[in-house]
Amino acid sequence: MSSRVKVGPLGLICILVVCVSPLRAQQKGQWVPGQYGLNAGVIPDPGFTYANQTLNYSASQLNASNGNALPGITGTYGFWVTENIFYYVPKYKFLGANFAPYISVNLANGSLVAELVGTNLSGNGGGEGLADTYVQPLNLGWHFKRADINAGYAFFAPTGRYTPGASNNVGSGYWGNDITSGTTVYLTKNKGTSANLFTDWEFHGTKQGIAGSRVTPGQTFTIEWGLGQVLPLKKDFSRLLQLGLIGYDQWQVSNNGGPTSVLPFYSVHAIGLQSNFILPAKGVNLFFKYEPEFRALARPQGRTIVFGASWTLRIPKPQAPKS
């Protein structure tokens, strides 16, 4: 895998969390931040790519709309998600860009759609199994001398189990639409140092709420960023270590529709570290990310851990260097 392999694909699901009152649930967006960082603008080389990414979120603090922790909170709110991501990148270009559609089939162990009632964060119920499926049918990636850029459209399909008011929900219960972009700017001529930015703008469909109500989550805007440096572990560059500073910021940017329309907007901010171990010739990349949240409004404040690997079967197969 070359330095063009995307490190952290995809996104997921919806979380219902408490706002200023532990008895009133806030309807959040579907994209779980923390999935990107370094190499945000990079798409895989032509061929087939499989990536497996596991994300864990955990929080024992619940904040009011002013960012202060609510008193009397006990327990921990958390979930695990395993993303199975499948790419196909043909060798032919469109509008000067590589076409890189992909799908993420997501399995959840914990509550991705949780209505936290009362002051016990652990009492959020939730089940396990197939979560909502993320599909990006349009994804174009351009390669320039000092930058890689991609842009696309994706949607969330509500394939996860959802019943209004149930304690074992895994899915969000509604369709979502995402406009995404990724940029990697190489700050040095050898592309060893990079600045990265990923963006996602979410537009949400309507879901069935409790007692026959209809709820439309407000739009959400997310940015994920990173500053990275590649270090060769062998002189022939067959083994590379990439280290970087990463973070994410997410905001609700429009009103909810339905009974939750009066709730204040939520936001969250995190900063952390990422490491990648890359074997360019074999098309393999292993990654780890840790991002503690330092500020959150009208939602839990915790930390995100992401780890996984990707592998690319290049088509056509690269030619071996001549001796």
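Which residue's backbone oxygen lies 3.1 Å from a polar atom of the side chain of Lys 207? Select Ser 172 and Lys 207: the backbone oxygen belongs to Ser 172.

The model is predicted, so local features need pLDDT of at least 70 and side-chain atom pairs count only at pLDDT 80 or more, while totals for chains, interfaces and linings use all residues. Residues are numbered from 1 along each chain as its sequence is written, and side-chain values use heavy atoms, with hydrogens and water left out.

Stay on Lys 207. Lys 207 belongs to strand β13, residues 207-208 (strands are DSSP runs of E, at least two residues, numbered from the N terminus). Lys 207 is buried, at 2% relative accessible area (buried is under 20%, exposed over 50%, partly exposed in between, with a 1.4 Å probe and protein chains only).

Next, select Tyr 186 and Lys 191. Lys 191 lies over the ring face of Tyr 186, 5.0 Å from the ring centre (the criterion is NZ of Lys or CZ of Arg within 6 Å of the ring centre and within 35 degrees of the ring normal).

Then select Trp 31, Tyr 36, Tyr 87, Tyr 102, Tyr 134, Phe 156 and Phe 198, a cluster linked by ring pairs (rings of Phe, Tyr and Trp, its six-membered ring, pair with centres within 6.5 Å; planes under 30 degrees apart are stacked, over 60 edge-to-face, the rest tilted).

Last, select Tyr 50 in strand β3, residues 47-62. Tyr 50 is partly exposed, with 31% relative accessibility.

How values were computed
Helix = DSSP H or I, 4+ residues; strand = E, 2+ residues; numbered from the N terminus. Polar contact = N/O pair within 3.5 Å; in protein donor to acceptor, adjacent residues only side chain to side chain.
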